[in-house]
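Good morning, and thank you for coming.

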Amino acid sequence: MRLDFVRIFIDTTRQLFQQVIGPAVSVKSVTVKPSPVAGRDVLTIIGLTGESQGRVIFDMDLFTAIQLAGCMLGEPSPGMTPLVRSSIAELASMAIGQAISKINDNGTALRMSPPIVITGANLVSYDQCFETLVAPISTAYGEVRMNITIQDLN
Amino acid sequence: MENIGERNTHGTAPLTCLIVDDSAFARFHLKRLMDSFENVLASEAANGNEAISEYRRLKPDFVLMDIVMPGLEGVETVRRICESDPAARVIMISSLSHNEKVEEAFAAGAKYFIPKPVTTDELKKAIDQVLRTGRDAGAEAVR
């Protein structure tokens, strides 16, 4: 696990969230899990490739997703509309894009995939078990969990 | 409403803009920012191929271009647009703002680079700059 990259992902995401959705954003204690704990209603998945590889999964409740999107859109949303899905995807994309830019400028070539948003009840990723760092991010609209897996290719 | 660009200041034809981003939210956000400027008509494209055909059809005064898109990504789209129209004025808007990516964008023909999330002030400055200097613009990035 590249803990130095994990720190950049978490710090950049916290700063980006503060910039986009307001100052009431904090990161609770980061824990290590044997696999992602993404089991809430809305998952946003971004793949990482290059000299290191892995993925970041943001997961949150439906209510939180709709409220966050409403804040970004400047207007309340009636439910999980395509524009809400896109807003959540863009929030994750901006955070990871900024983090990747810092990592690239520090000398490691890393690329990101476009974000994929999956919605539904009791979503859990069982496909592969990779050691994952889980960072709960507290916002004014509810908690967003970051599940980060990133390792060097060697 | 704020004025942007010399043509608008003189009250002539509206400025035309093409917003290119696969994110519906990003297009919504940029369109809303463009609507806050006076006398600007914004069109949208959701991917690189659509952007190229819309550029040929509309010949907009300037383009706002994302980088990370499925299929034809932003830098290659800029390269193809600028090959067909070297006078194209393209402003890159992306969360990917590391030095190598910014240099790639400028080498492809982009005239300005703004990291996401973009603000009204940054966007206005970028548009004023590319409209004022046009094809002779020195590439500039907000970092």
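How many residues does the hairpin that joins β7(A) to β8(A) pass through? The hairpin joins these strands through 2 residues.

A word on conventions. This is a predicted model, in which local features need pLDDT of at least 70 and side-chain atom pairs count only at pLDDT 80 or more, while totals for chains, interfaces and linings use all residues. Residues are numbered from 1 along each chain as its sequence is written, and chains are lettered from A and ligands numbered from 1 in the order in which they are written.

Let me stay with the strands, which, like helices, are DSSP runs numbered from the N terminus (helices H or I, at least four residues; strands E, at least two). Strand β7(A), residues 132-139, pairs with β8(A) in the antiparallel sense over 7 bridges; pairing requires that DSSP find at least two bridges between two strands. Here Ser138(A) stands opposite Glu143(A). Strand β8(A), residues 142-152, also pairs in the antiparallel sense with β4(A), residues 52-60, over 9 bridges. In that pairing, Arg55(A) is opposite Thr149(A).

I turn now to the contact between the chains. Chain A contributes 19 residues and chain B 18, where contact means C-beta atoms, placed from the backbone, within 7 Å. On the side of chain A that touches chain B, α1 (3-21) and α3 (82-105) each supply at least two residues. The largest share of that side, 14 residues, comes from α3(A).

Finally, within chain A, α1(A) meets α3(A) through residues including Phe5(A) and Leu16(A) in α1(A), and Leu91(A) and Ile103(A) in α3(A). Thank you.

Methods:
Contact = placed C-beta atoms within 7 Å.
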